[in-house]
Amino acid sequence: MPDQLLDLDKLHRLADAYNVATEFWAFNGEHEFVDQETLIAVLAAMGVDARTNETINAALIAKEEAPWRQILPPCVVTRNDHEYIVQVHVPHGWDVSLSVICEDGTERSVRQGEDFTPPRTIEGHEIGQASFIIDPGLPLGYHTLLAKVSHADTEKIAEDRTTLIVTPGRLDKGSLAFKRSWGMMAQLYSTRSAQSWGVGDADDLLEMASLFGSMGADYLLVNPLHAAEPIEPLSPSPYLPVTRRFFNPMYIRPENIREVAYLSGPERSLITWAAENVKKDSVKNTHIDRDAAWKAKREALEVIFKAGRSQSRDREFAQYRHNEGQGLEDFALWCALTEVYQGQPFPEELHDVHSRAVAKARASLQERIDFWAWLQWIMDQQLADAQRAAKAAGMTFGVAHDLAVGVHPQGSDTWTIPEAFAKGIGVGAPPDMYNQQGQNWSQPPWRPDALERMDYAPFRDMARTVLRHAGALRVDHVMGLFRLWWIPEGSAASRGTYVRFNHDAMVGVLLLEAHRAGAVVIGEDLGNVEPWVREYLRDRGIWGTSIFWFEKDEQGNPLRAEDYRYDAMVSVDTHDLPPAAGYLAEEHVDLRARLGLLVDPEEEVRAQAQHERETVYARLREYGLIGEDPSEREVIEALHVYLTKTPSPLLCISLVDAVGERRAQNQPGTDQEYANWKIPLADGTEKVVLVEELAQHPRLLSLLESFTQAFNS
């Protein structure tokens with residue numbers, strides 16, 4: 001609590017200046033006001049002291065004067081189809097010119113416009129403002145703005161530079177402009193073959209992409225494949241990675257590494273022995289044991305790595321490391337240090353990645369750094385193989401990757417680039433209809449001001465890596481590019497507030513990287529999303545997301561198929577709900593009741609679920625898709641045929657629905673209470689379904705037959 005009565009008007013002005021919301025509209029339509037303790041804590045996480053009226057006044061002045069204390073802004077992000085005005089600040093009466101140095105080295109002048117803003121006095125010096133107009137049509141890319149400042153009475157010329165990022169005004173959707181597409185989605189870790197090491201991997205991804213491509217699918221959407229902890233215990237959630245820039249080597253298939261072919265007999269035996277027990281787990285319907293799988297796989301990968309490579313392969317590895325730069329080296333170092341300290345916090349002297357102690361550790365751990373960098377290279381190659389197989393099978397897009405919202409608070413990102421993150425804050429979501437207590441995902445958010453100062457490098461590096469072997473990218477909680485729900489440490493999830501990002505810059509950088517990768521982007525825009533955001537995303541060429549269970553008309557009935565959005569990927573359900581079979585059986589109510597997550601009385605929630613099911617049946621009968629007493633399989637197939645009657649350009653079938661699975665992969669609002677992200681793919685009888693069985697799986701084939709017949713008609 002502040003130790004004096006604060007001037008709330010000024011506190012709110014300061015919050016607004018830092019894009020911190022002081023009020024918002026809740027999911028139920030109520031107008032909520034943010035308490036001052038939350039505002040003070042959130043501002044503190046951005047380095048702003050708002051505890052007293054004196055510090056608030058000082059912070060307001062500092063924020064207002066900041067642009068006048070530098071010649072150029074920290075970073076300029078524009079789009080190639082819009083005019084953009086850059087304001088330059090120089091000593092009053094001095095001359096200034098502005099030019100763009102493009103990525104290819106060419107230089108273009110920038111014309112000056114009119115600006116009648118009066119000069120301001122900053123520390124006794126008069127500072128003037130000049131406006132320059134960046135015209136549309138600049139080439140896409142990361143360029144440099146160069147300002148040259150001079151005065152008639154002196155020959156001295158001062159220069160200032162800043163990054164200029166020119167982004168697409170709208171992402172080209174390629175073939176989607178002319179035809180509809182459908183695809184499959186799967187949780188890769190849960191989708192295993194007899195040769196998997198207890199966890200689905202890149203070879204399973206390749207096999208599924210090839211299979212579904214041959215069946216007419218245009219993409220295969222998988223869960224985030226971001227890196228997890230390098231040693232046990234591993235966080236089960238793919239949405240809580242240690243970094244979003246690099247991949248989880250747990251998804252490597254060791255036998256597919258080229259060097260395995262040249263191993264000696266004893267070395268091959270070591271790999272066989274390491275795999276023996278965990279491969280047996282792949283055919284069992286028990287909770288997925290990532291720790292056992294990764295321990296065994298890591299032992300095998302150590303053998304392969306130590307066996308060495310040919311000179312040409314070494315050169316290829318070296319080139320990969322050169323291309324990935326310091327980011328890869330720092331991530332590999334973090335992995336090596338995590339090994340040394342067994343997952344415990346690093347000593348104080350190792351907290352700064354640029355310190356002398358870290359440099360010393362880097363030198364002494366070089367072999368382990370090589371190993372962790374090598375794993376990323378192998379993972380990159382196997383993902384490339386999967387994408388090639390998908391395209392060869394006829395998929396328009398191939399593998400569609402998923403981008404998580406954030407990272408683990410003790411992960412590599414927060415160690416390698418700590419300045420990019422807000423401290424003492426968790427990201428989550430305010431209360432909504434399905435999570436009435438709100439959600440705290442325990443992830444530190446990026447600071448909007450820090451991203452701008454860093455030229456959005458953390459974001460663009462991450463997007464570039466994830467998109468390298470992808471034909472599409474799903475952005476989980478795409479509202480995170482616009483605003484995030486910040487929760488001060490120690491507060492309930494409901495006592496947070498929104499912090500806004502420069503969405504033009506965030507979306508622009510993402511579109512630039514997607515354009516260069518030749519990929520399309522799908523934004524998961526479910527939940528409490530401002531209507532204008534969906535319009536904005538559509539205008540910029542990003543697809544939205546529609547889930548059958550969430551699409552309702554004004555009476556609360558299932559939305560008529562023809563009234564669905566024409567700019568969204570549509571599916572029956574999502575990984576945060578039970579599969580269709582489980583949802584129809586009210587397992588989402590059973591589970592939340594058992595875990596104490598219901599706010600309303602159970603009988604009311606159950607009655608609502610039963611009413612919802614009856615309205616679904618009524619809607620399906622209206623379209624002639626089911627009879628009076630349909631079986632579970634008939635209803636699930638009818639739901640997917642219903643999707644084909646919507647105008648949505650992208651249709652998606654969940655693999656769990658196709659095989660009759662009933663169990664949810666994740667129950668929001670839980671941690672240890674439920675086996676989140678540990679459920680292996682199984683059918684309605686809880687018999688494990690393996691990748692090699694999919695091509696002949698009767699329920700999957702039946703669903704695809706009815707779906708594709710309707711899709712193609």
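## A cis peptide bond and its loop

Pro233 is found in the loop between β13 (226-227) and β14 (243-247), where helices (H or I, at least four residues) and strands (E, at least two) are DSSP runs numbered from the N terminus. A cis peptide bond joins Glu232 to Pro233, with omega at about 0°.

This is a predicted model, in which local features need pLDDT of at least 70 and side-chain atom pairs count only at pLDDT 80 or more, whereas totals for chains, interfaces and linings use all residues. Residues are numbered from 1 along each chain as its sequence is written, and side-chain values use heavy atoms, with hydrogens and water left out.

## Residues with positive phi

Asn19, in the loop between α1 (8-17) and β1 (23-25), has a positive phi of about 60° although it is not a glycine. Asn19 is partly exposed, with a relative accessible area of 33%; buried means under 20% relative accessible area, exposed over 50%, and partly exposed in between, for a 1.4 Å probe and protein chains only.

Trp677 likewise is not a glycine and has a positive phi, of about 65°, and this residue lies in the loop between α19 and α20 (698-712). Trp677 is buried, its relative accessible area being 5%.

Helix α5 (residues 265-281) has 17 residues and reaches 25 Å from its first C-alpha to its last, close to the 24 Å expected at 1.5 Å a residue, the expected span being 1.5 Å times one less than the number of residues. A kink of about 35° in α5 is centred on Ala275, where the bend at a residue is the angle between axes fitted to the seven residues ending there and the seven starting there. Ala275 is also buried, as are Ile271, Ala274, Val278 and Lys279 of this helix, and the buried residues of α5 pack against α6 (290-306), with contact meaning heavy atoms within 4.5 Å.

For helix α17 (residues 602-622), the 21 residues should span 30 Å at 1.5 Å a residue, which agrees with the 30 Å between its end C-alpha atoms. Its buried residues include Arg606, Glu612, Arg613 and Arg619, along with Val605, Val616 and Leu620. The buried residues of α17 pack against α15 (580-584), α16 (587-594) and α18 (632-644).

## Enclosed cavities

The structure holds 5 cavities of 30 Å³ or more. On a 1 Å grid over the protein atoms alone, a cavity is a set of points where a 1.4 Å probe fits but cannot get out, and lining residues have an atom within 4 Å of a point; grid points are joined across faces, edges and corners, and a volume is the space filled by probe spheres set on the points.

The largest cavity has a volume of about 330 Å³. Of the 30 residues that line the largest cavity, Met185, Gln187, Thr574, His575 and Ser654 are the closest to its centre. The lining of the largest cavity divides into 15 nonpolar, 10 polar and 5 charged residues, where Ala, Val, Leu, Ile, Met, Phe, Trp, Tyr, Cys and Pro count as nonpolar, Asp, Glu, Lys and Arg as charged, and the others, Gly among them, as polar.

Note on methods:
1 Å grid on protein atoms, 1.4 Å probe; cavity = no way out; pocket = protein on both sides within 12 Å on 5 of 7 lines; lining within 4 Å.
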